[in-house]
Amino acid sequence: MSHLLEARGLVKTYSSPVETIRAVDGVTLTLSDGEFVCLYGASGSGKSTLLHLLAGLIEPDEGSVLVDGTELRSADVKGAAEARLRRIGVVFQGDNLLAELSAWENVALPLEVSGVKAGEARRDAEETLALVGLAGLADRRPAEMSGGQRQRVGIARALVGGRRVLLADEPTGSLDSTNSRALFELLAQLAEAGRAVLVASHDPNCRNYASRSIEMVDGHFEGAEVGAAGS
Ligand SMILES: Nc1ncnc2c1ncn2[C@@H]1O[C@H](COP(=O)(O)OP(=O)(O)O)[C@@H](O)[C@H]1O
Ligand SMILES: [Mg+2]
């Protein structure tokens, strides 16, 4: 096992004129290939903020995130951006697919953005769709697919190009329980095949399929010592 993602002493605060909220308050975490970690906890406990920090979408006030050993916020800005784009895929509750594009075209988008040739991008997109159980649906548009299928397209888009870290925020938020279980089962399979999967979810099914579950309370991991994380 290798550590694909590592967070040390993460702190993120939000300030308004009336108060300062420590949305993430001293989180240390390692995520290895083969793992499917379920992050659960009450609304407002900091799950989404943590996911955004791990994905490099927002910057921490304190602490650091390492992807495959490369620090996301390093002097080598280009190297850090590349490490993030090539290795981390993110899925949110809404599928955020483009309605005018077919499934494979949606999945191929991140590849085209990074300059992969069209034919190669299409092949990779179709292979990744097959990986999430959607072989044969590559030409459908989002409106011609079920919610569960659309969410799988989102996962394929997050994984295309060989990205091995998958971060998902409430991925089953708009699915019924049958589709939710099927999605968690898929996430478990993807982890078993050598990826690292972290899911923030209040869906109780998440804990049944995960290899490890962590409860978040007031910005930190329940049971972890706040403030002792930076060493
Ligand atoms: N962009 C933001 N600006 C101000 N406060 C925020 C912002 N994002 C989150 N928060 C606050 O940080 C805390 C954690 O929120 P969040 O990470 O969304 O929790 P969860 O995903 O567990 O529901 C909450 O108190 C929330 O109101
Ligand atoms: Mg959230």
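Reply: A crossing is left-handed if the near helix is turned anticlockwise from the far one by less than a right angle, and right-handed if clockwise. Helices (H or I, at least four residues) and strands (E, at least two) are DSSP runs, numbered from the N terminus. This is a predicted model, in which local features need pLDDT of at least 70 and side-chain atom pairs count only at pLDDT 80 or more, while totals for chains, interfaces and linings use all residues. Residues are numbered from 1 along each chain as its sequence is written, and chains are lettered from A and ligands numbered from 1 in the order in which they are written.

Me: Which hand has the crossing of α3 and α4?

Reply: The crossing of α3 and α4 is right-handed. Helix α3 (residues 103–113) packs against helix α4 (residues 118–131) at an angle of about 120°, their axes being 8 Å apart; axes are lines fitted to C-alpha atoms, for helices over the stretch in contact, and angles run from 0 to 180 degrees between N-to-C directions. Angles under 35 degrees count as roughly parallel, over 145 as roughly antiparallel, 65 to 115 as roughly perpendicular and the rest as oblique, and α3 and α4 are therefore oblique to each other.

Me: How do α5 and α6 lie to each other?

Reply: Helix α5 (residues 147–159) and helix α6 (residues 177–192) have axes 10 Å apart and pack at an angle of about 20°, and they are therefore roughly parallel to each other. The crossing of α5 and α6 is right-handed.
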